[in-house]
Amino acid sequence: MKVLVIGNGGREHALAWKLARSPKVHRVYVAPGNGGTASHGHLENLPLTEPEALADFAESEKIGLTVVGPEAPLSAGVVDVFRSRGLRIFGPSRAAARLESSKAYAKEFMQRHGIPTAHYATFTDAREAHAYLDRVGAPIVVKADGLAAGKGVVVATTLAQAHEAVDFMLVDNTLGVQHNEGGARVVIEECLQGEEASFIVLVDGTHVLPLASSQDHKRLLDGDEGPNTGGMGAYSPAPVVTPNVHARVMHEVIQPTVDGMARDGVPFTGFLYAGLMIDADGHPRTLEFNTRMGDPETQPILMRLKSDLFDVLMHATDGTLDQVELQWDRRVALGVVMASAGYPLQPRKGDAITGLPEEADDAMVFHAGTQRDGSTLRTSGGRVLCVTALGDNVRLAQQRAYEVLRGIHFDGAQYRRDIGHRAIRR
């Protein structure tokens with residue numbers, strides 16, 4: 001069968017790579033893809049991004065399954081277009097994708113359905129937001145309401161940082177936020193304490209199937225310093241998600257979200273990602289929802305998945321996820337992101353990439369911001385590669401990933417040297 005993956009990042013490379021390993025799949029198209037998907041034997045890039053053009057291609061090529069990777073096409077309604085033509089696609093409708101595309105909508109939803117989250121206030125007027133900040137003080141979290149490629153959250157440790165973030169989001173739009181209806185808006189919320197984890201599940205509208213837990217590193221620099229990014233690395237499983245925490249998340253966060261969306265008349269299908277803060281007593285609170293798999297969490301999660309992803313997603317689109325039991329590699333998977341010079345605010349493009357290794361049983365380099373320039377591979381975005389490896393424990397997976405990474409070069413490469421440090425400390 002032919003499969004279409006929509007997107008061009010590391011998450012989409014990992015999805016396409018995993019789907020291509022199914023014996024039931026003979027060709028995976030990636031739209032628009034990147035330099036890594038362009039050079040993989042069973043993958044083929046497709047220079048399309050518009051929902052109608054993608055649906056036309058799926059019809060003409062008799063695509064058996066389409067999987068949506070990033071948030072932008074979801075919020076643009078690509079799933080609605082495909083479903084209107086009777087095409088099989090895995091992802092949420094445009095209305096359901098508002099759980100991610102609007103932080104304000106998500107917070108209101110959580111409050112309405114009793115899902116644990118931080119206290120918050122929403123503002124469209126910069127003066128009112130600044131006055132609120134002066135009243136509540138720091139630390140505080142400032143979030144852009146619209147899509148911002150993972151960079152629309154500022155954890156401000158000082159009032160000066162918080163005021164600057166409000167101006168970035170409401171006045172200057174320095175972060176390039178895609179505003180929702182009504183224009184620029186910010187959500188300001190209390191700064192929760194604890195340890196973060198990523199909890200991703202598949203939803204078929206009714207049934208929920210959890211994936212392996214994971215934890216990513218949002219900050220640019222070692223020791224969780226520097227600005228927030230789209231993610232500088234991740235590993236799976238996350239030790240902070242104990243069996244007790246897992247049960248609580250399913251009972252207090254995931255199932256109420258799926259049930260709440262159904263009650264609101266917006267049934268959810270697709271990947272549902274809950275970004276969690278877990279306190280010292282194991283109480284989870286929801287930082288945010290994403291309506292797709294995380295990046296870079298997808299890379300280590302799919303490295304560990306032993307089940308046939310194509311089969312799983314066919315069940316998900318048939319509404320029969322309750323018939324699936326996932327099989328996982330017992331080893332830890334850890335991925336380190338290599339980012340371009342200037343990331344996250346002004347990423348440089350066009351640097352030549354050398355030293356990429358062959359795929360190995362225990363290591364894989366997933367491409368994100370890469371493109372082919374004749375025989376040369378060059379950087380084309382902020383996050384360039386995710387070097388992902390398996391090991392019997394976190395330390396061994398970390399050592400293997402950095403061993404592979406040290407052979408890869410492009411000018412100005414940035415990467416953290418401590419991915420997985422929280423799990424190693426535990």
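Trainee: How does the radius of gyration of the chain sit against a compact globule?

Mentor: For 426 residues a compact globule would have a radius of gyration near 22 Å, and the chain has 20 Å, which agrees; the radius is taken over C-alpha atoms, and the globule rule is 2.2 Å times the number of residues to the power 0.38. Keep in mind that this is a predicted model, in which local features need pLDDT of at least 70 and side-chain atom pairs count only at pLDDT 80 or more, while totals for chains, interfaces and linings use all residues. Residues are numbered from 1 along each chain as its sequence is written, and side-chain values use heavy atoms, with hydrogens and water left out.

Trainee: What box do the C-alpha atoms fill?

Mentor: Taken along the principal axes, the C-alpha atoms of the chain fill a box of roughly 60 × 45 × 40 Å. The secondary structure within the chain comes to 14 helices and 23 strands, counted as DSSP runs numbered from the N terminus, with helices being H or I of at least four residues and strands being E of at least two.

Trainee: And how much of the chain is buried?

Mentor: Buried residues make up 58% of the 426 residues, where buried means under 20% relative accessible area, exposed means over 50%, and partly exposed lies in between, using a 1.4 Å probe and protein chains only. The accessible surface comes to about 16,800 Å², of which 47% belongs to carbon and sulfur atoms; such areas come from the Shrake-Rupley method with a 1.4 Å probe, and for residues only the protein chains shown count as cover.

Trainee: What share of the contacts joins residues 24 or more positions apart?

Mentor: Among contacts with a separation of 6 or more, residues 24 or more positions apart account for 69%, a contact meaning heavy atoms within 4.5 Å.

Trainee: Switching to charges, how many positive and negative side chains are there?

Mentor: There are 43 positive and 52 negative side chains, and the centres of the two sets lie 2 Å apart. Lys and Arg count as positive and Asp and Glu as negative, with His and the chain ends not counted, and each charge is placed at NZ of Lys, CZ of Arg, CG of Asp or CD of Glu.

Trainee: How many salt bridges turn up in the whole structure?

Mentor: A search of the whole structure finds 27 salt bridges, each being a side-chain nitrogen of Lys or Arg within 4 Å of a carboxyl oxygen of Asp or Glu. One of them joins E189 and K107, with the closest N and O atoms 2.8 Å apart. E189 lies in strand β9 (residues 186–190) and K107 in helix α7 (residues 103–112), so this pair ties together parts that are 82 residues apart in sequence.

Trainee: Are E189 and K107 buried or exposed?

Mentor: E189 is buried, at a relative accessible area of 2%, and K107 is buried as well, with a value of 2%.

Trainee: Which residue does E190 pair with?

Mentor: The side chain of E190 meets that of R285 in a salt bridge, at 3.4 Å from N to O. Because R285 lies in strand β17 (residues 284–290) and E190 in strand β9, the pair ties together parts that are 95 residues apart in sequence. R285 is partly exposed at 30% relative accessible area, and E190 is partly exposed at 27%.

Trainee: Where do R400 and E403 lie?

Mentor: Both lie in helix α13 (residues 394–405), 3 residues apart, which is about one turn of the helix, and R400 forms a salt bridge with E403 in which the closest N and O atoms are 3.2 Å apart. R400 is partly exposed, with a relative accessible area of 22%, and E403 is partly exposed with 47%.

Trainee: Which residues are linked with R85 in a network of salt bridges?

Mentor: R85 is linked with E52, D56 and E59 in such a network.

Trainee: New topic: where is L321, and what does L321 touch?

Mentor: L321 is in the loop between α12 (309–318) and β18 (332–339), and it counts as buried at 2% relative accessibility. Not counting residues up to four places away in sequence, L321 touches L202, V203, D204, H207, L209, V312, H315 and A316.

Trainee: What about S22, which is in a loop too?

Mentor: S22 lies in the loop between α1 (10–20) and β2 (27–32) and counts as buried at 4% relative accessibility. Leaving aside neighbours within four places in sequence, S22 is in contact with D308 and F310.
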